[in-house]
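Here is a short report on one protein model. Please look at the sequence and the structure first, then read on.

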Amino acid sequence: MAQWNELAREYEARRFPLARRLDVHGEGPQTARDRALRWIQTFAHEQPGADLLLVVERARRVGAQKGAVRVAVEKMLEELNGGLIDWWAPFGDGSLAVRVSLDPQMTRAQKAAPERAAGEGRTAETAGAAYVETEDDIPQELLPIARRAAELRRTREGLGVGTSDVVMRKMWIAAQATAMSDRITWEQALREILAREERRMYEDD
């Protein structure tokens with residue numbers, strides 16, 4: 001298990017460079033929430049559309065209840081959905097993947113945000129990291145599976161064509177998280193998602 005955790009951390013570091021990761025799992029719930037909010041706001045201002053990773057727990061036992069930090073941060077992310085962020089999703093063990101909106105709406109979050117502390121936020125190191133398009137992020141051989149699964153979900157949920165990229169990105173994040181936690185390949189994880197979407201479409205009919 002220790003070796004697997006090391007591999008998972010190594011993969012996590014490659015998928016989300018240091019500039020796009022924030023570890024708040026050792027903070028108190030309110031402090032973690034405030035730090036995460038300020039961090040997301042800064043990216044929304046400097047780099048809309050960025051993919052971020054929030055570390056909210058470590059070494060959580062299977063079936064254990066969510067910790068107070070995770071609960072506080074997840075609640076905050078739900079409040080930001082449709083405003084500063086497009087979506088968020090669990091990623092691996094104890095982390096949350098977040099997509100900052102390409103057109104962030106700052107007003108709602110600013111009302112709830114604490115005043116920014118001196119010295120906090122982005123540095124020259126964190127600014128200007130390249131944004132990767134969804135289809136460029138997914139291996140070419142897996143794109144047909146991802147596109148099909150995303151199209152089925154978009155259709156099933158009655159979403160517009162313009163949401164296709166967001167839906168596929170969310171599914172790709174979920175597939176990577178599943179691959180890490182279940183120790184399977186990305187293709188196997190995507191095929192599981194596709195099979196699930198096909199079953200749901202059949203059930204809806």
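## Thr134 and its surroundings

Setting aside neighbours within four places in sequence, Thr134 contacts Arg99, Asp165, Met168 and Arg169. Contact here means heavy atoms within 4.5 Å. Thr134 sits in helix H5 (residues 134-137). Helices (H or I, at least four residues) and strands (E, at least two) are DSSP runs, numbered from the N terminus. Thr134 is buried, with a relative accessible area of 0%. Buried means under 20% relative accessible area, exposed over 50%, and partly exposed in between (1.4 Å probe, protein chains only).

One of these contacts spans a stretch of chain. Thr134 and Arg169 are 35 residues apart along the chain, yet their C-alpha atoms are separated by 5.8 Å.

## Basis of the model

This is a predicted model, in which local features need pLDDT of at least 70 and side-chain atom pairs count only at pLDDT 80 or more, while totals for chains, interfaces and linings use all residues. Residues are numbered from 1 along each chain as its sequence is written, and side-chain values use heavy atoms, with hydrogens and water left out.

## Helices H2 and H3

Two packed helices are described by the angle between their axes and the distance between the axes. The axes of H2 (residues 29-46) and H3 (residues 68-80) come within 8 Å and cross at roughly 35°. Axes are lines fitted to C-alpha atoms, for helices over the stretch in contact, and angles run from 0 to 180 degrees between N-to-C directions. The crossing of H2 and H3 is right-handed. That term applies if the near helix is turned clockwise from the far one by less than a right angle; anticlockwise is left-handed.

H2 brings Pro29, Ala32, Arg33, Ala36, Leu37 and Ile40 to the contact. H3 brings Ala68, Val69, Ala72, Val73, Met76, Leu77, Glu79 and Leu80. Together these divide into twelve nonpolar, no polar and two charged residues. Ala, Val, Leu, Ile, Met, Phe, Trp, Tyr, Cys and Pro count as nonpolar, Asp, Glu, Lys and Arg as charged, and the others, Gly among them, as polar.

## Lengths and burial

The 18 residues of H2 should span 26 Å at 1.5 Å a residue, and its end C-alpha atoms are 26 Å apart, which agrees. For H3, 13 residues should span 18 Å; the end C-alpha atoms are 19 Å apart, which also agrees. The expected span is 1.5 Å times one less than the number of residues.

Buried residues of H2 include Arg33, Asp34 and Arg38. In H3, the buried residues include Arg70, Glu74 and Met76. Gly82 follows H3 and has a positive phi, near 80°.

## Aromatic pairs

How many aromatic pairs does a search of the whole structure find? It finds three. Rings of Phe, Tyr and Trp (its six-membered ring) pair if their centres lie within 6.5 Å; planes under 30 degrees apart count as stacked, over 60 as edge-to-face and the rest as tilted. Trp39 and Phe43 have ring centres 5.3 Å apart and planes at 75°, so the pair is edge-to-face. Both lie in H2, four residues apart, about one turn of the helix. Both Trp39 and Phe43 are buried.

Trp172 and Trp186 also form an edge-to-face pair, 5.2 Å centre to centre with 75° between the planes. Trp172 lies in helix H7 (residues 164-182) and Trp186 in helix H8 (residues 186-204), so the pair ties together parts 14 residues apart in sequence. Trp172 is buried, at 1% relative accessible area. Trp186 is partly exposed, at 30%.
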